[in-house]
Amino acid sequence: MFFRKSNSSHDGESVEQQHERKFQELKSSLGPLSGRSQQYCSDACLKRYLEARSWNVEKSKKMLEESLRWRSSFKPEEIRWSEVAIEGETGKVFRANFHDRQGRTVLILRPGLQNTTSLDNQMKHLVYLIENAIANLPEGQEQMAWLIDFTGWSISNNVPIKSARDTVNILQNHYPERLGVAFLYSPPRIFEAFWKIVKYFLDPKTFQKYDHEEFSRQMAEDDMKSAKLWGLEKHQPNGLMGAEVAPEPESLAPPAS
């Protein structure tokens, strides 16, 4: 008779016990944290990174440390609407005023309304809205939904490959397990077969016309909440105290003759 020798002291653990052990391992391996890193690395955050790396502690730690370095450099929590409002004047990316059936915040992306050429500022605008979407999640919900509306999209206003790649990189590597579902509306023919299920995710509501001024006012209010959350009330960028609504930009189009 042969007996299999156990190679692990954790044989017999349930999946829940394994996950709890690995969560504690990751938490201990990070060592003491302070400031914004400590605030960012909540228990829920650590579990999202573990989930994204199939509960491999070493890979999760590496991913999380890279995110902390990115956040230290990019400073997403310090971005204010007044800095990126010009990117949002066409409504190419905005947070919807409703949640989906799972209670997720909905970000609407309309690549056909691209209005700028600065990739850096486009990414800053997107990150601002991702942070805003997360801040507006209801209690108990950690994921958002993306609706990508291709109305008006064409080859001439196609999103550059680098912009698309940077978007995927930021979302996958620095916001793991935050995207619950992404679906397309009026997609190019090549995508149609994959996105017919869109009607099953959203309540049957008609999208309201995007109002840049009203959305700016809403984002300015959220900026105040964000500053309070991160303890930045007295350290607003550009010397601003509190949030302010960005003025409507003057039209760049030549006057009609």
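Helices (H or I, at least four residues) and strands (E, at least two) are DSSP runs, numbered from the N terminus. The model shown in these views is predicted, so that local features need pLDDT of at least 70 and side-chain atom pairs count only at pLDDT 80 or more, while totals for chains, interfaces and linings use all residues. Residues are numbered from 1 along each chain as its sequence is written, and side-chain values use heavy atoms, with hydrogens and water left out.

Figure 1. The chain has eight helices and four strands. Of the 257 residues in the chain, 37% are buried, where buried means under 20% relative accessible area, exposed means over 50%, and partly exposed lies in between (1.4 Å probe, protein chains only). Contact means heavy atoms within 4.5 Å. Among the contacts with a separation of 6 or more, 75% are accounted for by residues 24 or more positions apart.

**Figure 2. The largest nonpolar core, with Trp146 among the residues that touch the most other members.** A nonpolar core is a set of buried Ala, Val, Leu, Ile, Met, Phe, Trp, Tyr and Cys residues joined through side-chain atoms within 4.5 Å. This core has 36 residues, of which Leu107, Ile130, Trp146 and Tyr175 touch the most other members. Two or more residues each come from helix 5 (81-84), strand 1 (93-99), strand 2 (105-109), helix 6 (119-135), strand 3 (144-149), helix 7 (161-174), strand 4 (179-185) and helix 8 (212-229). Helix 6 gives the most, with eight residues. Leaving aside neighbours within four places in sequence, Trp146 is in contact with Leu107, Leu109, Leu126, Ile130, Thr167, Leu171, Leu179, Val181, Ala182 and Phe183. Apart from this core lies another, of 17 residues, among them Phe23, Tyr40, Cys45 and Met63. In soluble globular proteins, nonpolar side chains tend to be buried together.

**Figure 3. The packing of helix 3 against helix 4.** Helix 3 and helix 4 (residues 57-74) pack at an angle of about 120°, with their axes 8 Å apart. That angle makes helix 3 oblique to helix 4. Axes are lines fitted to C-alpha atoms, for helices over the stretch in contact, and angles run from 0 to 180 degrees between N-to-C directions. Angles under 35 degrees count as roughly parallel, over 145 as roughly antiparallel, 65 to 115 as roughly perpendicular and the rest as oblique. The crossing of helix 3 and helix 4 is right-handed; a crossing is left-handed if the near helix is turned anticlockwise from the far one by less than a right angle, and right-handed if clockwise. Helix 3 makes the contact through Cys45, Leu46, Tyr49, Leu50 and Ala52, and helix 4 through Val57, Ser60, Met63, Leu64 and Ser67. In helix 3 (residues 43-52), the buried residues include Cys45, Leu46, Arg48, Tyr49 and Leu50.

**Figure 4. The packing of helix 4 against helix 6.** These helices pack at an angle of about 115°, with their axes 13 Å apart. Helix 4 and helix 6 are therefore roughly perpendicular to each other. Their crossing is left-handed. Trp70, Arg71 and Phe74 of helix 4 meet Met123, Lys124, Val127 and Glu131 of helix 6 in this contact.

**Figure 5. The cysteine pair Cys41 and Cys45.** A search of the whole structure finds zero disulfides, a disulfide being a pair of cysteine sulfur atoms within 2.5 Å. The sulfur of Cys41 is 5.1 Å from the closest cysteine sulfur, which belongs to Cys45 and is too far for a bond. Cys41 is buried at 11% relative accessibility, and Cys45 is buried with a relative accessible area of 0%.

Figure 6. Just after helix 3, Ser54 takes a positive phi of about 50°.

**Figure 7. Gln39 and its contacts with Leu229 and Trp230.** Gln39 is placed in helix 2 (residues 35-40) and is partly exposed, with a relative accessible area of 35%. Gln39 touches Leu229 and Trp230, not counting residues up to four places away in sequence. Gln39 and Trp230 are 191 residues apart in sequence and 8.2 Å apart in space, C-alpha to C-alpha.
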